[in-house]
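Please consult the sequence and the model shown here alongside the text.

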Amino acid sequence: QLQLAESGGGSVQPGGSLRLSCAAPGFTVDRYAIGWFRQAPGKEREGVACISSSGGMTHYADSVKGRFTISRDNAKNTVYLQMNSLKPEDTAIYFCAAALSPWEIVVMNMGTNRPYHFGSWGQGTQVTVSS
């Protein structure tokens with residue numbers, strides 16, 4: 001069964017950058033679309049970005065568009081989330097998850113508060129943006 005693991009979180013000042021990684025050791029992820037989600041204390045889980053299985057298509061939440069970039073290296077079975085110009089409101093636990101559904105469904109489902117087309121959720125990595 002596919003298992004994902006996030007890493008790369010940490011504490012940064014506003015305006016700083018972090019790169020998160022979503023790895024699948026021992027598994028091949030090139031069939032899966034991958035999504036990044038985040039959840040802040042007291043808030044619902046929010047879809048941040050997703051990338052198609054080939055990497056040719058990406059989609060971002062409006063709140064991160066222009067600041068975050070999702071990419072993947074299928075040879076390394078890893079998906080990345082480059083986060084620039086970080087803001088305090090980006091503080092959250094960040095999760096990655098996988099989906100086999102058609103791309104249009106993946107994009108639609110990422111934007112809901114019930115992303116049931118995604119599975120194999122990782123444990124999350126904490127991102128804290130504070131001065």
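## Basis for burial

A residue is called buried when its relative accessible area is under 20%, and exposed when that area is over 50%. The structure is a predicted model.

## Cysteines

The structure holds one disulfide. It joins C22 to C96, with an S to S distance of 2.1 Å. Because the torsion about the S-S bond of C22 and C96 is about 80 degrees, this disulfide is right-handed. C22 belongs to strand β3 (residues 18-23) and C96 to strand β9 (residues 92-99), so the bond ties together parts that are 74 residues apart in sequence.

C22 is buried at 2% relative accessibility, and C96 is buried at 0%. C50 takes part in no disulfide; the nearest cysteine sulfur, that of C22, is 13 Å away. C50 is also buried, with a relative accessible area of 0%.

## Salt bridges

Four salt bridges are found in the whole structure. R38 and D90 form one of them, at 2.9 Å from N to O. R38 lies in strand β4 (residues 33-39) and D90 in the loop between β8 (78-83) and β9, so this pair ties together parts that are 52 residues apart in sequence. R38 is buried at 6% relative accessibility, and D90 is buried at 0%.

D90 also pairs with R67, the closest N and O atoms being 2.7 Å apart. R67 lies in the loop between β6 (58-60) and β7 (68-73), 23 residues from D90. With a relative accessible area of 11%, R67 is therefore buried. Through shared partners, salt bridges join R38, E46, R67 and D90 into one network.

K65 forms a salt bridge with D62 at 3.1 Å between the closest N and O atoms; both K65 and D62 are exposed.

Terms used: Residues numbered from 1 in each chain as written. Predicted model: local features only at pLDDT ≥ 70, side-chain atom pairs only at ≥ 80, totals over all residues. Heavy atoms only, no water. Disulfide = S-S within 2.5 Å. Helix = DSSP H or I, 4+ residues; strand = E, 2+ residues; numbered from the N terminus. Buried < 20%, exposed > 50% of the residue type's maximum accessible area, 1.4 Å probe, protein only. Salt bridge = Lys/Arg side-chain N within 4 Å of Asp/Glu carboxyl O.
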